[in-house]
Amino acid sequence: MKSLMVFYAVLVLWLLVSSSVQGQPVHTKTCLTTTDTKVHQKNLVDYTIQKKPLFSVDAVRFLTISGKVICSNPSSPWAIKSMKYLDGKNKKHQSVSN
């Protein structure tokens, strides 16, 4: 009986963690630290936000055209500007497809 309860607890935890990535399968890696790495915004494809306490650090995970993930501090000016850029880019694509 206890093993069944542990199984369900692990299942629920896994579902919480997987859904906290905003439902986007793009970024499967979690950020353990953030970096000051900056790339040109045209090289960015998408981003997700990870938050404590489910993750060890608050971070924005940017996916580049080459498939690399950049972990940035969500309060850094570059991260904020890049998220706005991607939001605007995605909004344009959504309005064209609607």
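**Figure 1. Strand β1 sits inside the fold.** Five of the seven residues of β1 are buried, so this strand is largely enclosed by the rest of the structure. Keep in mind that the model is predicted.

**Figure 2. The whole chain, for orientation.** The protein chain has two helices and three strands, and from the N terminus on they come in the order α-β-β-β-α. Among contacts with a separation of 6 or more, 50% are between residues 24 or more positions apart.

**Figure 3. A three-stranded open sheet.** The strands line up in the order β1-β2-β3, and their pairing is antiparallel. β1 and β3 (69-72) take the edges with a single partner strand each, so one side of each has no neighbour in the sheet. From one strand to the next, the twist averages 25°. As a reminder of what holds such an arrangement together, strands of a sheet pair through backbone hydrogen bonds, either parallel or antiparallel.

**Figure 4. Where β1 meets β2.** These two strands run antiparallel and are joined by six bridges. Pick out isoleucine 49 and look across to β2: its bridge partner there is valine 60. Now do likewise for glutamine 50, which has alanine 59 as its bridge partner in β2.

**Figure 5. A cis proline between the strands.** Look in the loop between β1 and β2 and you'll find proline 53. The peptide bond leading from lysine 52 into proline 53 is cis, with omega near 5°.

**Figure 6. The largest nonpolar core.** Nine residues make up this core: Leu44, Tyr47, Val60, Phe62, Ile70, Trp78, Ala79, Met83 and Leu86. Helix α2 gives the most, with four residues.

**Figure 7. Methionine 83 and its contacts.** Here we zoom in on one of the core residues, Met83. Setting aside neighbours within four places in sequence, methionine 83 is in contact with Tyr47, Ile49, Val60, Phe62 and Pro74. Of these partners, Val60 is also the residue that bridges to isoleucine 49, while Tyr47, Val60 and Phe62 are listed in the largest nonpolar core along with Met83.

Figure 8. The structure holds one disulfide, and it joins cysteine 31 to cysteine 71, with the sulfurs 2.0 Å apart. The link is left-handed, at -80° about the S-S bond. Cysteine 31 comes from the loop between α1 (2-19) and β1, whereas cysteine 71 belongs to strand β3, so the pair ties together parts that are 40 residues apart in sequence. Are the two ends buried or exposed? Cysteine 31 is buried, with a relative accessible area of 1%. Cysteine 71 counts as buried too, at 14% relative accessibility, because the cut-off for buried is under 20% relative accessible area.

Terms used:
Residues are numbered from 1 along each chain as its sequence is written. This is a predicted model: local features need pLDDT of at least 70, side-chain atom pairs count only at pLDDT 80 or more; totals for chains, interfaces and linings use all residues. Side-chain values use heavy atoms; hydrogens and water are left out. A nonpolar core is a set of buried Ala, Val, Leu, Ile, Met, Phe, Trp, Tyr and Cys residues joined through side-chain atoms within 4.5 Å. Buried means under 20% relative accessible area, exposed over 50%, partly exposed in between (1.4 Å probe, protein chains only). Contact means heavy atoms within 4.5 Å. Two strands pair if DSSP finds at least two bridges between them. Axes are lines fitted to C-alpha atoms, for helices over the stretch in contact, and angles run from 0 to 180 degrees between N-to-C directions. A disulfide is a pair of cysteine sulfur atoms within 2.5 Å.
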